[in-house]
Amino acid sequence: MYPMLASVYDPQAVEERWYDYWLKKGYFRAEVNPTRAPFCIVIPPPNVTGALPLGHAFDMTLQDVLIRWRRMQGYEPLWLPGTDHAGIATQAVVERELAREGLRKEDLGREGFLARVWAWKEKYGGTIVRQLKRLGCSCDWTRERFTMDEGCSRAVREVFLRLYEKGLIYRGRYLINWCPKCRTTISDIEVEHEERPTSLWHLRYPLADGSGFIEVATTRPETMLGDTAVAVNPADERYRHLVGKTVILPLMNRPIPIIADSYVDMAFGTGAVKVTPAHDPNDWEMAVRHDLPAITVIDFDARMTAEAGPFAGLDRLAARETVVEALRDGGYLGKIEPYTHAVGQCYRCDTVIEPLLSEQWFVRMKPLAEPARRAVEEGRIVFVPERFTKIYLNWLENIRDWCISRQLWWGHRIPVWYCDDCGTANAAREEPSACAGCGSRSLTQDPDVLDTWFSSALWPFSTMGWPERTPELEYFYPTSVLVTGRDIIFFWVARMIFMGLEFMQAEPFKKVMIHGLILDKDGKKMSKSRPETSIDPQEVIDRFGADTLRFSLLTGNTPGQDLRFYWEKAEAARNFANKIWNAARFVLMNLEDYRGGADPPKPEALADRWILSRLQRITTEVTSALERYDLGAAVGLLYDFIWSEYCDWYIETAKPRLRTGGNERAASQKVLAHVLARTMQLLHPFMPFISEEIWQHLPHEGESIVVSSWPVPDPGLLDAVAEAEMEDLMEIVRAIRNIRAEVGVAPGKKIAAILAAPSAKAELLAANRTSLCVLADLGRLELVAEDAPRPAQAMSAVAGGAQIYLPLAELVYLEKERARLTKELENARAEAARLAAKLANEGFLAKAPAAVVEREKTRLEEARAKEEKIRARLRDLGLEANP
């Protein structure tokens, strides 16, 4: 006798118990094992700052499915966990905490502030790890890393120094993206562009010789105070005669030249543009080409500088209004027209980015990009889906140097010390004691820290002991697959490829599985600023369990596509879990006298042969879906097999055989238990907790489903004949059920049926008479020859190679049904006549849109089809309808 499951599935009672058991047994620990093939995933490290968002839960579920599957296949799997120090985000959180105490970070000083951040990290940094465990993530927690732990920090310094020594890291004064709120630079790919309505202001710059003016168009009139030229396209006939002349900059009374540059779009505005090198990246490029000065009129607080003259001290937006008013008063303002364009904003806080000139550290990307391009083009790294390959390669074609310095205190501090006496920059792996240039001991470290993505780019090898060639690094690197969202291909994926090829001389992973974003039910991106759109994964787990969350996140998922998530999906997944639980309870209730063990069955009955054959095919199809990283297809296959084929069909056919006893009962018991146990193994990577709980109650070998063997199809159990025959029986049952539903027969009411079929088919029907009666709720089933006369007053259908007749007297009260159908026929006739008259009206046809006319034609066809269907039903009743 096998132990019974609880009457109701309670995920809270199951999940914590099994996760603790798995940890205690060490199933998630990975070792260097030369006898096994490695399978390695490094976790995209979530920010240490907060709770697990739904998108991360989706990402982690995908990874856990792959790891659990490969573990069951016999690989040595390493899922290496860790968290990211998240420079901007973490510093912002702690600064807000200080503000509530009436303090600023400057009040504590750098060292005091960093001590406060480390204390905060120790107190709250484990939240997301605990949530990953609740989700069921089978990471090797003994290898957990942090991007600022000692080993990762050493790797960061080593990479910086090697790139610096090769001339691939340099310091320069360039135009950078500055966030005035976060008070730091951000890289180009951290700037998000949003279409915003604004204005296009036309400004008139008078020619210095008094011969007139040239009109420019701009979306940022406040920056005109820093103009150092006006540019036109050299091919523009309108302005060719003005190139080389000088204009007087309004409000500033400064002479500036008119230059010709092919960058200028002749179709934009007037075809003439103002050039403000210190506040626009394209203008900066023009300034470099034409040796123009750069005048900074906006500072790091987004306020106007002393170079802005009388507008100094104004906020940049207030300055815009004031400058426009001054231009109007001076007669320099032309027309103002509505205009919409993409405005760059900080990906963290949505503040509008200010391009500013600044001394920053950069990585030269062109030398690193070329090997990264070849790795993908040569197929050494494969994107799934393949379409993301083109997106990646296109980005590499236009790559710009990467600004890696950030004006923060929390992060990897740049390992460069400046000599206070001679100014030499001393880059070193450890703090130098003296200047390499002059020997002075008066050194000051660069105050900036490295971009968070710099340390994240080293993650696949820094977490395994690099720069040492550790056994783990030799065994698990390159990793097997990277699973990540399409939104960080450039932030992270490309940079890991750059760094892996540069420092390991090998690609960091073989496959890149790209998934989409999680959207709300209306297809909009979930946002913290719109709480009504967000769903907390912890709330889903609290209500329905981790398995339900995992399954609902995977359902309907297509590789690379965005996924809509809403509570109804979670409820449907919860219902699926309950369906599995109830099916398992039924099986276990019928195993009280089972003595068959876990060895494979030898089926004889059609239903047994069919379900075992279907199990082999599903095993092949699920495995194939996992191999091509189509996890949504895999869960769809399992859902249909478990809910429909196993529960709704096989279990129902097994019930009378279980009641029969003897060999029939024993055979059904064995197949029920075997198929359920194998199905739980197939389901385990997707729903690990419920599958373990049920598997443990069934006949099985081994101590946990986690380390059981992934099912392999048995060709000897494939039975195409049984599948075809069972499909015929199911078609017949479906046809009978459809007729029952059509005429409103109450569920459970026993009716009579007559099946006419050729002799070969009749043998199949006779052998499975009991199953047909159970599945179709038949009280009486008569089998007749194919050429037997049609019964009077019977509903009919053709399905499964048989003619089906259901005597109406068994289904409905004839007179009542006749009256109902006659009324329906009258309504259908009237509707068809109304639509026909409408479509015969030439006025309607002339005035109505084509789509409306087509819609009415479709309705007429449907009305006539309904009319004919009712006539056919009346003929079946033996009463011809009036024409």
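**Questions on a predicted chain**

Author: Start with K670, which sits in helix α20, residues 662-683. Keep in mind that this is a predicted model.

Reader: Is K670 buried or exposed?

Author: A residue counts as buried when its relative accessible area is under 20%. K670 has 14% relative accessibility, so the class is buried.

Reader: Which residues does K670 touch, leaving out those up to four places away in sequence?

Author: K670 itself belongs to helix α20. With residues up to four places away set aside, the contacts of K670 are Y594, G596, G597, D599, P600 and P601.

Reader: Now the whole chain. How many helices and strands are there?

Author: The chain holds both kinds of element. The count is 27 helices and 29 strands.

Reader: What share of the residues is buried?

Author: The chain exposes about 38200 Å², with carbon and sulfur atoms supplying 50% of it. Of the 883 residues, the buried share is 54%.

Reader: What share of the contacts between residues at least 6 apart joins residues at least 24 apart?

Author: Contact here means heavy atoms within 4.5 Å. Take the contacts between residues at least 6 apart in sequence. The share that joins residues at least 24 apart is 77%.

Reader: How far apart are the centres of the positive and negative side chains?

Author: The chain has 111 positive and 124 negative side chains. The distance between the centres of the two sets is 3 Å.

Reader: Where does P385 lie?

Author: P385 is on one side of a cis peptide bond, with V384 on the other. Its place is the loop between β15 (382-384) and α10 (387-397).

Reader: A86 has a positive phi. Is A86 buried or exposed?

Author: Most residues other than glycine have a negative phi. A86 is not a glycine, yet its phi is about 50°. It lies in the loop between β3 and α3. Its relative accessibility is 3%, so A86 counts as buried.

Reader: And N253, buried or exposed?

Author: N253 also has a positive phi, near 55°. Its loop runs between β10 and β11. The cut-off for exposed is over 50%. At 62% relative accessibility, N253 is exposed.

Reader: Where on helix α15 do the buried residues fall?

Author: In α15, residues 537-544, the buried residues are P537, Q538, V540, I541 and F544. Seen down the axis they fall within an arc of 160°, so they line one face of the helix.

Reader: What covers the buried residues of α15?

Author: The buried residues include P537 and F544. The cover includes α1, α2, α5, α16 and α17.

Reader: What is the C-alpha separation of R564 and G516?

Author: R564 is in strand β25, and is partly exposed at 44% relative accessible area. Its contacts beyond four places in sequence include L519, D520 and K569. R564 and G516 are 48 residues apart along the chain, and their C-alpha atoms are separated by 10.0 Å.

Reader: What is the relative accessibility of L482?

Author: L482 lies in strand β22, residues 479-485. Among the residues it touches are V42, W492, F509 and M513. L482 counts as buried, and its relative accessibility is 0%.

Reader: Last one. How far is D446 from Y639?

Author: D446 is in the loop between β20 and β21. It is buried, with a relative accessible area of 2%. Its contacts beyond four places in sequence include R171, W361 and R413. Y639 is 193 residues away along the chain, and the C-alpha separation is 58 Å.

Key. Residues are numbered from 1 along each chain as its sequence is written. This is a predicted model: local features need pLDDT of at least 70, side-chain atom pairs count only at pLDDT 80 or more; totals for chains, interfaces and linings use all residues. Side-chain values use heavy atoms; hydrogens and water are left out. Helices (H or I, at least four residues) and strands (E, at least two) are DSSP runs, numbered from the N terminus. Buried means under 20% relative accessible area, exposed over 50%, partly exposed in between (1.4 Å probe, protein chains only). Accessible areas come from the Shrake-Rupley method with a 1.4 Å probe; for residues, only the protein chains shown count as cover. Lys and Arg count as positive and Asp and Glu as negative; His and the chain ends are not counted. The place of a charge is taken as NZ of Lys, CZ of Arg, CG of Asp or CD of Glu. The arc is that of the directions from the helix axis to the C-beta atoms.
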